[in-house]
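Grab a pencil and work through these exercises with the model open beside you. Try each task before you read its solution.

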Amino acid sequence: MRKLFSTAVVVCGLFVLSAFNDDPKSPEALRYVNYSIFGKDYAKTPIYDSQLKGHVYYIVSGHGGPDPGAMFNKDGNWLCEDEYAYDVSLRMARNLITHGAKVYMVTRDENDGIRDEEYLSPDKDETVWGGSGMPLNQRARLHQRSEAINKLYHENKAKGYEVQRTIITHVDSRYEDHKIDVFFYYNPKSTSGQSLANTMYTTIKSEYDEHQKGRGYTGVVKSRDLWMLRETIPTSVYIELGNISNSFDQRRLLIPNNRQAIANWLADGIIKES
């Protein structure tokens, strides 16, 4: 029987659990880092490899605070864009960390974490990195987010980080009968943004083609002159996860395993671009 050794240390305010044995492929040999932002059930985050070591990602889920974004009442439950975009974003962020990335949740809710319920209760206590509350004015909120990202970008660049990217997630709202697939926007002046968006798109498409043969995939990649694409320095991709008003798209958002699958596929696309 292999002897297992465990240690626990505090690094940069994070409780880091490390376990070692003589088989590097054993699950017990993984290192774990505790990130409370993911919630009690997901805080313990394994580090599988260093594939994204030296990469920085700024994850921004749309709306939040005084603005829930797109809304739809389903069976007496309010579905709010900011809650579902945030849950997918947390799951994607955790995936990136497992491959060694440095990740910032720019839009934050310190007491939600990753949730495995279908109906995610809305609240208004989201903040922006650094602890600032969100203003009611939309332009002020966007400026607050881009400013936070750009400040972090310069700090990380000074530390030698060359690969820095911003991933923005939203949920659309259209007519109830309008089904849409996940689609991607990039800054029309950014070739790196276009490349990343295309890689994420092809990854999602290939996963749907494999797991739901014959369904067809109608997601698109387009350039758009949006504030968060234009005003943030790192390469940026803006993602719409579905139509919150459509019953078909709601399954992508409501079912926790579907949210996890989308997060996995988005992270896989990012990793392929690394």
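**Exercise 1.** In which helix is the place of Thr98, and is Thr98 buried or exposed?

*Solution.* First, a word on what you're looking at: this is a predicted model, where local features need pLDDT of at least 70, side-chain atom pairs count only at pLDDT 80 or more, and totals for chains, interfaces and linings use all residues. Residues are numbered from 1 along each chain as its sequence is written, and side-chain values use heavy atoms, with hydrogens and water left out.

Step 1: find Thr98 in helix α1, residues 81–98. (Helices are DSSP runs of H or I with at least four residues, strands are E runs of at least two, and both are numbered from the N terminus.)

Step 2: check the accessibility. Thr98 counts as buried because its relative accessibility is 6%. (Buried means under 20% relative accessible area, exposed over 50%, and partly exposed in between, with a 1.4 Å probe and protein chains only.)

Step 3: look at its neighbours. Leaving out residues up to four places away in sequence, Thr98 touches Thr45, Pro46, Ile47, Tyr48 and Asp49. (Contact means heavy atoms within 4.5 Å.)

**Exercise 2.** What is the strand order in the open sheet of 3 strands, and which are the edge strands?

*Solution.* Step 1: write down the order, β9-β10-β11, with antiparallel pairing. (Two strands pair if DSSP finds at least two bridges between them.)

Step 1: pick out the edges. These are β9 (107–108) and β11 (132–133), each pairing on one side only.

Step 2: zoom in on one pair. Strand β10 (residues 127–128) is joined to β11 by 2 bridges, and Val128 has Ser132 in β11 as its bridge partner.

**Exercise 3.** How many residues does helix α6 have?

*Solution.* Step 1: α6 (residues 256–272) has 17 residues.

Step 1: look for buried residues in α6, and you'll find several, including Trp265, Leu266 and Ile270.

Conventions
Expected span 1.5 Å × (residues − 1).
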